[in-house]
Amino acid sequence: MLKIYNSLTRKVEEFKPMNPPNVGMYTCGPTVYDFAHIGNFRTYLLSDILLRTLEANKFSVKHVMNITDVGHLTGDNAGDADAGEDRMEKAASKERKSAWDVAKFYEQAFVKDFERLNLIKPSLMPRATDHIKEQIELIQKLEKKGYTYQTSDGVYFNTSKFKAYGKLSNLDEIKEGARVEVNLEKKNPRDFALWKLSPSVTSEQTQRHMEWDSPWGKGFPGWHIECSAMSMKYLGESFDIHVGGMDLKSTHHPNEIAQSEAVTGKTFVNYWVHGAFVLVDNKRMSKSLGNNYKVEDIIKNGFDPLALRYLYLQTHYRQEMNFTWEALEASHKALERLREAVGRLDQSEAVSAPSQRLGVSGRDFEQKFLSAINDDLNMPQALAVISELLRSDNPTSFKAQSLIKFDKVLGLNLWDAPIKAEEAEIPENVQKLVAEREELRKQKRFHLADQLRNKIKKLGYETKDIEDGETEVKSLK
Ligand code: AMP
Ligand code: ZN
């Protein structure tokens with residue numbers, strides 16, 4: 001039974017989809033005006049492990065992740081997503097490109113990094129600019145129902161008309177990001193733009209690259225409306241799961257709920273899942289603070305991008321984590337050791353394993369692993385089960401079979417890693433002695449462990465004790 005923390009009820013709950021075994025899941029995707037940073041990717045990794053965990057529970061997931069290529073203004077850094085410059089247009093003038101070219105370039109870069117981190121490609125990645133019609137239609141429906149009003153710069157959602165506005169985050173939390181410059185035309189400070197009108201053109205510089213005709217005049221959609229329009233188009237008016245970073249819980253998501261539920265009168269989403277931030281020196285990693293790193297930086301510094309994945313898996317998704325290069329280095333080494341240990345296993349039987357499903361065999365370790373991931377995605381615990389399995393005195397083919405299934409959830413590519421020739425050649429009887437010796441050391445029976453070391457040496461192999469009770473084995477020949 002999968003349990004997950006639902007921000008809506010503020011509780012860990014059993015996950016029950018509306019139409020089992022099908023699950024509809026939506027993740028708020030990147031704003032493609034710059035490279036996504038590794039903080040953003042922690043949130044996308046959360047979607048990925050949730051998706052993989054759902055699949056391990058035999059659910060069939062349709063995952064939609066949008067691409068924000070218009071309408072996300074810089075004002076939201078200061079608490080007002082309706083003020084400031086359009087990030088796309090700002091990047092366009094800086095890079096001397098059109099906003100369309102900027103979007104295309106960074107979307108491609110995003111997909112490349114996504115693959116490098118072994119994140120499963122969503123079923124659909126719709127772009128906001130390809131869904132202007134749907135967004136206008138939704139605003140028209142809201143207008144008809146009396147939820148909107150017009151100002152000199154656009155069309156706004158009247159939050160006082162939507163009674164359940166504070167259901168995801170209470171109003172105080174939403175208010176936290178209050179305005180910097182007060183827009184006097186807004187009826188309530190938390191009202192938000194559905195459609196923004198293009199500024200009147202006085203020079204080439206004020207002419208927007210991205211703008212569309214609408215019943216209210218030429219302009220562009222507000223940031224929030226795209227997610228309501230695209231998620232409901234592809235997943236239906238009500239669906240199961242919506243994922244995003246913690247900041248969205250009190251900004252973007254209450255507004256998505258308001259727009260969608262005001263139109264349909266139905267519950268928009270049943271489970272809201274939010275991931276905690278990556279910090280640098282105890283400040284949120286963000287593009288605006290300039291304290292962010294990219295996947296490219298990880299690679300340039302000689303690290304496997306999956307070491308970042310491993311690093312993130314070591315902390316529970318609802319806990320903030322501080323990024324340091326030292327921590328990444330430790331994860332890189334730990335992943336290397338894990339791959340080496342896996343590489344020593346007998347793969348032949350595992351590859352032809354009859355069942356790829358977790359827990360089907362009823363074996364202890366698989367059940368433990370499944371319980372860990374089903375306990376609100378407790379990946380640190382799942383990693384501990386792996387170490388335990390590797391240390392156990394089970395046959396290597398048994399270990400390999402389970403590890404193949406575990407890796408489907410963890411996505412660490414344990415099996416693709418090159419197997420070091422010298423280690424692959426270590427015979428089964430030596431490996432067995434090594435495992436026995438590790439067990440003795442765990443029980444602090446060092447005298448007996450030393451005797452086994454000598455026995456292993458006589459067979460032509462040397463053992464070296466490394467962290468976590470594991471052993472490095474080398475041929476003496
Ligand atoms: P953006 O491209 O700014 O719209 O952000 C994309 C996603 O990354 C959103 O779900 C954000 O909540 C999330 N995000 C932004 N900064 C961080 C961070 N430092 N750590 C984790 N997630 C983040
Ligand atoms: Zn969204």
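Here's a short chat about the ligand site and the nonpolar cores of this predicted model.

User: What makes the 3.1 Å pair between ligand 1 and G39 a polar contact?

Analyst: A nitrogen atom of ligand 1 sits 3.1 Å from a polar backbone atom of G39. The cut-off for a pair of N or O atoms is 3.5 Å, so this pair counts.

User: Which side chains make polar contacts with ligand 1 as well?

Analyst: T43 has an N or O side-chain atom 2.7 Å from a nitrogen atom of the ligand. For D247, a polar side-chain atom lies 2.4 Å from an oxygen atom of ligand 1. Both values are within 3.5 Å, so both pairs pass.

User: How much of ligand 1 does the protein cover?

Analyst: On its own, ligand 1 has 500 Å² of accessible area, and the protein covers 93% of that. The shell has 18 residues, with V278 and M285 among the closest. Its largest share, 4 residues, comes from α1.

User: What makes I241 a member of a nonpolar core?

Analyst: Core members are buried, meaning under 20% relative accessible area, and joined through side-chain atoms within 4.5 Å. I241 belongs to the largest core, of 125 residues, and is among those with the most contacts inside it, along with L54 and L403. Its partners include F15, L50, L54 and V273.

User: Which residues are in the second core?

Analyst: That separate core has 10 residues, including I426, V430, L440 and L452.

Technical notes:
Residues are numbered from 1 along each chain as its sequence is written. Chains are lettered from A and ligands numbered from 1 in the order in which they are written. This is a predicted model: local features need pLDDT of at least 70, side-chain atom pairs count only at pLDDT 80 or more; totals for chains, interfaces and linings use all residues. Side-chain values use heavy atoms; hydrogens and water are left out. A residue is near a molecule or strand if one of its heavy atoms lies within 4 Å of it. A polar contact is a pair of N or O atoms within 3.5 Å; within protein, one must be able to donate a hydrogen and the other to accept it, and residues adjacent in sequence count only if both atoms are side-chain atoms. Accessible areas come from the Shrake-Rupley method with a 1.4 Å probe; for residues, only the protein chains shown count as cover. Helices (H or I, at least four residues) and strands (E, at least two) are DSSP runs, numbered from the N terminus. Buried means under 20% relative accessible area, exposed over 50%, partly exposed in between (1.4 Å probe, protein chains only). Contact means heavy atoms within 4.5 Å. Lists of a residue's contacts leave out its neighbours within four places in sequence.
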